[in-house]
Amino acid sequence: MSQQPVFDDTRLQTLGAVCDTVVPAIEHVPDPYGHWARSASSYGVPAQVAETLALLPPEQQDGLGQLLDALSAQGITRVSHASREQLLRNASLASPEAAGGVAALTGLTLMLHYAAPDPSTGRNPAWDMLGYP
C-alpha cells in the first residue's frame, strides 16, 4: 500500500480532469437548461466521486490512487480535452486493472453527473433536460 494519501491535492486535481474529460462542457445550441454548458466539475462530481471512492477497501483505493498518479505524471491536467481522452484510452489498454479503474471512474462520474441530487435543492440539474419529474 502506498504512503501517499488516497486523495491529496494532486490526485484531486487529476480526478477533476478525469471527470471533466468524461463530462465536458460543450457548446450546444439550443441549450435551454444550460445542461450542455456544465462540466462534471460544475456539478461537484469530482468531490462526490472522491467521497464514494474513500468508501472502497484500502487495496482498491490504492489501485485507483496509482492510476491517478500515472495520469498525473502524463500531464492530464495540462493537456487538451482530446489529449485527455487519448490518455484515458491508453491507460485502459495498459492492463486489465487499469482498464477496470478507468471504467470505474467513468461509470461513477456519469452516474453522479446524471443521477445524484443537489443537496441544497434535492434535484439534479440534468433532470429538467431529461424530462425527469
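Colleague: How many positive and negative side chains does the protein chain have, and how far apart do the centres of the two sets lie?

Modeller: Lys and Arg count as positive, Asp and Glu as negative, with His and the chain ends not counted. Each charge is placed at NZ of Lys, CZ of Arg, CG of Asp or CD of Glu. Here there are 6 positive and 13 negative side chains, with centres 6 Å apart. This is a predicted model, where local features need pLDDT of at least 70 and side-chain atom pairs pLDDT 80 or more, while totals for chains, interfaces and linings use all residues. Residues are numbered from 1 along each chain as its sequence is written, and side-chain values use heavy atoms, without hydrogens and water.

Colleague: How many helices and strands does the protein chain have?

Modeller: Helices (H or I, at least four residues) and strands (E, at least two) are DSSP runs numbered from the N terminus. The protein chain has six helices and zero strands.

Colleague: Which residues have the most contacts inside the largest nonpolar core?

Modeller: A nonpolar core joins buried Ala, Val, Leu, Ile, Met, Phe, Trp, Tyr and Cys residues through side-chain atoms within 4.5 Å. Buried means under 20% relative accessible area, exposed over 50%, partly exposed in between (1.4 Å probe, protein chains only). The largest core has 26 residues, and Leu15, Val49, Leu71 and Leu105 have the most contacts inside it. Elements giving it two or more residues are α1 (9-22), α2 (45-53), α3 (58-73), α4 (81-94) and α5 (96-115).

Colleague: What does Leu15 touch, leaving out residues up to four places away in sequence?

Modeller: Contact means heavy atoms within 4.5 Å. Leu15 touches Phe7, Pro46, Val49, Ala50, Leu68 and Leu105.

Colleague: What share of the 133 residues is buried?

Modeller: Buried residues make up 35%.
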